[in-house]
Amino acid sequence: MNELAFFINNVVISGSVSGSIYAIGAIGVTLIFSIMRFAHFAHADMMTFGAFMVLLLTTLFPAAGASLGVPTGVLMLPLAMLLTAVLAVGIDKTFYKPLRAHGVKPIVLVIGSLGVTLILQGLIRLFSGTGGQSLYVDDRKEIFRLALPFEGARAPIVITEPQIYLFVITIIAVVALHLFLNRSRLGKAMRAMSDNPELAQASGINTNTIVAVTWMIAGALAAIAGTLLSLDVTFKPDLSFFLLLPIFAAAIVGGVGHPYGAIAGGFVVGFAETLAVFNWNVLLRPFQESFPAWLELPSNLAFVGTEYKIVVPFFILIAILVWRPTGLFKGKVI
Amino acid sequence: MSHSAKTRNPAYTPQDATPTRRFPLRELFLFGVLLAAILAVYALMGAAYSTRMLVEAACYAILALGLTIQWGYAGQFNAGVMGFVALGGFCAMLFSVPVNEAFWGTALPGELGRVLLYGVAAILLIVAVSKLDRLGMPKPLRTLIVVVLGLVLYLAVISQLREVTDAIESQAGFVGGLGLPPWTGWIVGGALAGGVGYFIGHICLGLRSDYLAIATLGIAEIIKAFLKNSDWLTRGTATVSPLPWPTPGPAELGFTLSRAIYLSFTAVIIAVIFFLLNRAYNAPWGRMIRAIRDNEVSAAAMGKDINKRRLEIFVLGCILMGLGGGILGTFNSLFDPQGYLPLNHTFLVLVMVILGGPGNNLGTIFGAVAVYIIWIMSEPLALFLMQLAVAFGEGTFGWDAPSNMDSRALQARVLVIGLLITMVLRFAPKGLLPEKVKSHS
């Protein structure tokens, strides 16, 4: 039964953690893709920016959370979301809007967003240094150990406080986004614009507002994903290059322009990653006696080593582009 | 373009337009400034340092030519130049480093070959099983069998490979080189980069251009991860040095002279590439490529095979990147997988191309040399500015500066590259030396 606890810790929990983060990131990417029609490479750095804002605020008011009983980092999250949303709108106004006004091809916007990536990365590194820093400045990271209700189960299921926050906030964000897109006037206008921008404009939808709202949502979601990731591990300014590929893979797997698909894609990529680096020998070892004698299991039965984790989203991306370029949920943009 | 190849009168040579000769004032001015800058660097930093800078700039010029035909000729954006450069550097290392007797003298090569044979056999088996539906097996069942068999065989082969590579690492250090002249490595590096480019391009070029950028970004990180972690093949973080040069090395002739010879060697290669690319650009093939870039629909309507032409261009660009990476790796005389950074090997090249003039080979070479000089010189400049800022902050506000200001100053160059990219796209989208688009009046 210890093997089962090990499996839950290493696959179910860590897969859900990375899955949630990829899903929140991929929603932003897919929304931008469906409204602005380009792959926004600076998204992962907006995530880092959001986490950095939380780090700054937490360092300024380290004891703010203790009075309310939540970690300061989580308390500062709404403020960081607001700042990142403002940043996202500002980036659009300064960098992308002039390019769009020139009527450039979408790929030029992609290159522009790579430039923005570097600008953000440079700024963050300039102010934070290059090392990793914990977002738990004054608080203590709670770790919960749940014993399995089985006979002979000694290894507990381990889940940390930020992980619980991550799951709760992910569910809240997804439900809020669902209500926004389906119930509110603005959300419906957004979906109309993603279906057909000209028709939406002709029927009196202010496309400039929609673009701004899209950036605000994407920025706020990026801040959530970046902060929760940094709460779970540590804040590092160069996280983004490792996040870009899984997030884009998640968006494309789910079907570009399809927010619910992005959520599914995020979890597909997250679980695929953890399943691929999991050492299957742990699960097979208890059954060693029932195998034929000539079959000796190697001690390392992981599909890829942890250092090759990035291969997994790439492989998923290639597979989906080969067999189903529209994604699992038939995205609009290919 | 109204004549198709078959009906064209062989005596008729198509002309784009009557070429209007103008005095190349802009080119002369820009290259004059560049020459002055190079001379200034020579005066300031000494001949050995400056020649080294010029050789590296020349290697970057080859990379930039590779990117300019992808981006400038065909409008494809490759965000993973670093990966192709690293492949070139790896091949240069693998072919030129002396033979490692501790590896070849033992049973290890046989073991490695056996595992590779297993791998080939496993692939053949899976391909054969995936054809089972032709014998009447239901397709879902076939897919299930293929997936399960694939996973099991993959695990079997990869665990065998892990055993052998661990044995190589513990007994022989690493595989070692082949002891061949470096240029063989450059050629194979170019071919390998072209092969990877073919794989990526084949999948992505029929889709939106954004997907190519995402996929190339991914493959670059994967190539780097592979080279960094395959200690048995590349010694990983322990790095391999020295790599022999095809020309007399610094030990025989001194730094300046040996580097100057290497520079002239590289210059000849650039001249050849430049000549061939210009021929191709002005040939019917080049016209077709530009027609596809400028108006895909009308080019398709004229019966041009768009995806095939795009694939040709993309592979050609990747070959040049692999070649340039090999020449750069040999010159550095050090193979360090961790030294390949997206900033230095992807975005710097991108800035060279879009600043110099995408689609204009002369402009690209100008951009490569100019940007590389700025890049190299920005290092002392950034340190100086940061020290100035720290001194100012301490003097005026009593600011207690963190101790790692120097590394932060170097990081600030990331910011400058990013600003350059966005500014050039916004204010000079055609670069300093724009492509000369001839038009019928």
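Me: Is the crossing of H10(A) past H12(A) left-handed or right-handed?
Reply: In this predicted model, the crossing in which H10(A) passes H12(A) is right-handed.

Me: What makes the contact of H10(A) with H12(A), and how do its residues divide?
Reply: H10(A) brings A:Val269, A:Ala272, A:Glu273 and A:Ala276, while H12(A) brings A:Val312, A:Pro313 and A:Ile316. Six of these residues are nonpolar, none is polar and one is charged.

Me: Why is H11(B) described as roughly antiparallel to H14(B)?
Reply: The axes of helix H11 (residues 255–282) and helix H14 (residues 306–332) of chain B cross at roughly 175 degrees and come within 12 Å. The class begins over 145 degrees, and therefore H11(B) is roughly antiparallel to H14(B).

Me: Which residues make that contact of H11(B) with H14(B)?
Reply: From H11(B) come B:Arg259, B:Tyr262, B:Thr266, B:Ile269, B:Ile273 and B:Leu277. H14(B) supplies B:Leu320, B:Leu323, B:Ile327, B:Thr330 and B:Phe331. They divide into eight nonpolar, two polar and one charged.

Me: How do you know that B:Glu56 and B:Arg52 form a salt bridge?
Reply: Their side chains meet at 3.3 Å, N to O. The limit is 4 Å between a side-chain nitrogen of Lys or Arg and a carboxyl oxygen of Asp or Glu, so the pair qualifies. Both residues lie in helix H2 (residues 47–73) of chain B, four residues apart, which is about one turn of the helix.

Me: How many salt bridges are found over all chains, and how many across the interface of chain B and chain A?
Reply: The search of the whole structure gives nine. Across the interface of chain B and chain A the rule finds zero.

Me: What makes up the interface of chain B and chain A?
Reply: Chain B gives 51 residues to the contact and chain A gives 55 residues. Between them the chains bury about 4,500 Å², with 77% of it on carbon and sulfur atoms. B:Arg208, B:Tyr211 and B:Ile214 supply 14% of the area that chain B buries against chain A, more than any other three residues.

Me: Is the peptide bond from B:Ser241 to B:Pro242 cis or trans?
Reply: The bond is cis, with omega near -5 degrees. B:Pro242 sits in the loop between helix H9 (231–234) and helix H10 (250–253) of chain B.

Me: What is the phi of A:Arg37, and where is A:Arg37 found?
Reply: Although A:Arg37 is not a glycine, phi there is positive, about 60 degrees. A:Arg37 is in the loop between helix H1 (2–36) and helix H2 (43–60) of chain A.

Conventions. Residues are numbered from 1 along each chain as its sequence is written. Chains are lettered from A and ligands numbered from 1 in the order in which they are written. This is a predicted model: local features need pLDDT of at least 70, side-chain atom pairs count only at pLDDT 80 or more; totals for chains, interfaces and linings use all residues. Side-chain values use heavy atoms; hydrogens and water are left out. A crossing is left-handed if the near helix is turned anticlockwise from the far one by less than a right angle, and right-handed if clockwise. Helices (H or I, at least four residues) and strands (E, at least two) are DSSP runs, numbered from the N terminus. Contact means heavy atoms within 4.5 Å. Ala, Val, Leu, Ile, Met, Phe, Trp, Tyr, Cys and Pro count as nonpolar, Asp, Glu, Lys and Arg as charged, and the others, Gly among them, as polar. Buried area is the accessible area (1.4 Å probe) that two parts lose on being put together, summed over both. Axes are lines fitted to C-alpha atoms, for helices over the stretch in contact, and angles run from 0 to 180 degrees between N-to-C directions. Angles under 35 degrees count as roughly parallel, over 145 as roughly antiparallel, 65 to 115 as roughly perpendicular and the rest as oblique.
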